[in-house]
Amino acid sequence: MHDAAYLLGFFALLSQLLGLLRDRFLASHFGAGEVLDLYYSAFRVPDFIFAVVASLVSFSVLIPYLEHKKEEGPSQVKKFIDTIFSFFFVSITVACGIAMIFMPQISKLLFSNLKDSQLDQIIVLSRIMLLSPFFLGLSNLLASVTQIHKRFLLYAITPLVYNLAIIFGIIFLAPTMGIAGVALGVVLGAFLHALVQIPFARSVGLLPDFTIPFSWQEVKKVIVPSLPRTITLSSASLVMIVLVSLASKLEVGSIAVFTFSMNLYYVPLSIIGISYSMAAFPVLSALLTRGEKDKFISQIIGATRHIIFLSLPIMVLFIVLRAQIVRTILGSGNFNWSDTRLTAACFALFSLCVVFQSIGFLITRAYYASGKTKEPFFIALFSSAVMVCLPIFFLKLFTTVPSMLELLASLLKVENLKGLEILALPLGFSIGTIIQSVALFFFFKKEFPFDASLIYKTFYQSLIGASLGGFTAYIGLNIFDNFFDLTTLQGIFLQGLLAGIMGVLAHIYFLKIVGSEELKEFMKTIRHRIWKVKPVLPETTEM
């Protein structure tokens, strides 16, 4: 499982690096201002449609049915694929058509404080990007074909071509078309997301065809079990809609700052949390199918320990090195120092929940592997409500008690900046996410009783080691401040890099002293991946 998680993490890293490059180009070309506010606002409705419709036919839902259909013969597999595609095509077309017609009313409802000219821009961008849910949903459907044939690399490269297309839109289309060129890059990326999988689907005779009428009985078999998951994803998408809507009522550029900081926060989340949960899912499902409950629990404990081991030091170092990270990745062109500091502060608040959300992903997958969807469903609904209510509460608190906002700004070293109210959003989101993940963990522990002492031991060891590493990195920042020109990208990068290396070494040294089992297992896995092939030694010859 660790091998698979690290492999998935590698591809996630490549995708996230391209995503960061995409954000750097966006920040450089447009800055954290009105243009990017409108661009990120326009994403919300297409993303919600994707969460509602496309998740019903995602590969994680379809693969078990396709495996069953394979036993009935190739013709039944093709018939099933055609049925699901036809249902998806009708559903996504109706949903996007309704959204396109009523986009003026929807935009006015979500962003009521914006000017008519700004709303018009959001409407145009949203209508362009309504094509992306169709292509991304089709890609999800095709991914079920590629994955049952073990062609994992095909799906692994889809996020790469998606981000490359957006970068193409920024560099080549935006100079003449403005932000609409970037929106076209999004659509192109979604199209390529699906296109890279089409040749293989055609080669195995499973490229879907639209058929009318299609079997509603087959559709119901897929949709009914996937509804809790779909509603969960939809609630997460609704949370983002509300948060972006709240950000639109704040200082110009708040939506851009919020989105940039969240994208940075998703880097470790994708590489560690999502990779581990995806790697664990088939293992957990197979163990429960064979009735090996003890091994199922053992895998959960092992994965949780490694998530904590990997993500806690990253969380602490991200908080300490936030300004260096943001300035290195985004700090160019129209993205100024004030934008950097505010984005870094939001990034630090998001980073507080990296460990918890990563564990939450794993526990949710464990619930799905066991066939229990009720608990994560209700916990997700409750926590979504908390993630909406807390930012509203903090916004009102900061307005009525300004000293609270001043205290938070002082802790994050962003005093006297405009638009500090945006800090309420990542703060509320992180607290809500922590509540969700803790609830998932303890409800799961109640459902599947196990001894969590090893998890707690890993948490305490990693927390102490990460704190020591963070303190060492902070000292390093002050030391290297005297050696590098911090007005240059090279100086900021080297200061953060060397301070980060000092922090990592201090963390590893502490874990080695206390005999961390996770460190030993991590090094063993890395050695296995790098040196798994034994070298062939030359024969001894006499001279």
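A nonpolar core is a set of buried Ala, Val, Leu, Ile, Met, Phe, Trp, Tyr and Cys residues joined through side-chain atoms within 4.5 Å. With that term in hand, I turn to the structure above, which is a predicted model.

The largest nonpolar core has 123 residues. Within this core, Tyr-39, Phe-260, Tyr-265, Leu-423 and Leu-425 touch the most other members. Leaving out residues up to four places away in sequence, Tyr-265 touches Phe-347, Phe-350, Ser-351, Cys-353, Val-354, Gln-357 and Phe-429. There is also a second, separate core of 36 residues, and Ile-300, Ala-366, Ala-452 and Leu-511 are among its members. As general background, nonpolar side chains tend to be buried together in soluble globular proteins.

In general, two packed helices are described by the angle between their axes and the distance between the axes. Helix H2, residues 34-42, packs against helix H11, residues 179-195, at an angle of about 30°, and their axes are 10 Å apart. Because angles under 35 degrees count as roughly parallel, H2 is roughly parallel to H11. The crossing of H2 with H11 is right-handed. On the H2 side, the contact involves Val-35, Leu-36 and Tyr-39, which meet Ile-179, Val-182, Ala-183 and Val-186 of H11. By class, this contact of H2 with H11 has seven nonpolar residues, no polar and no charged ones.

Helix H5, residues 74-101, and helix H6, residues 103-110, have axes that come within 4 Å and cross at roughly 70°. H5 and H6 are therefore roughly perpendicular to each other. H5 contributes Ala-99, Met-100 and Ile-101 to the contact, while H6 contributes Met-103, Pro-104, Gln-105 and Ile-106. Here the residues of the contact divide into six nonpolar, one polar and no charged.

I close with two individual residues. Gly-31 sits in the loop between helix H1, residues 2-30, and H2. Is Gly-31 buried or exposed? Its relative accessible area is 2%, so Gly-31 is buried. Setting aside neighbours within four places in sequence, Gly-31 is in contact with Leu-26, Leu-36, Asn-334 and Phe-335. By contrast, the C-alpha atoms of Gly-31 and Thr-83 are separated by 45 Å, the two residues being 52 residues apart along the chain.

The other residue is Asn-163, in helix H10, residues 158-177. Asn-163 counts as buried because its relative accessibility is 5%. Beyond neighbours within four places in sequence, Asn-163 is in contact with Ser-15, Leu-18, Gly-19 and Arg-22.

Technical notes
Residues numbered from 1 in each chain as written. Predicted model: local features only at pLDDT ≥ 70, side-chain atom pairs only at ≥ 80, totals over all residues. Heavy atoms only, no water. Axes fitted to C-alpha atoms, helices over the stretch in contact; angles between N-to-C directions. Helix = DSSP H or I, 4+ residues; strand = E, 2+ residues; numbered from the N terminus. Parallel < 35°, antiparallel > 145°, perpendicular 65-115°, else oblique. Left-handed = near helix turned anticlockwise from the far one by under 90°. Contact = heavy atoms within 4.5 Å. Nonpolar A, V, L, I, M, F, W, Y, C, P; charged D, E, K, R; others polar. Buried < 20%, exposed > 50% of the residue type's maximum accessible area, 1.4 Å probe, protein only.
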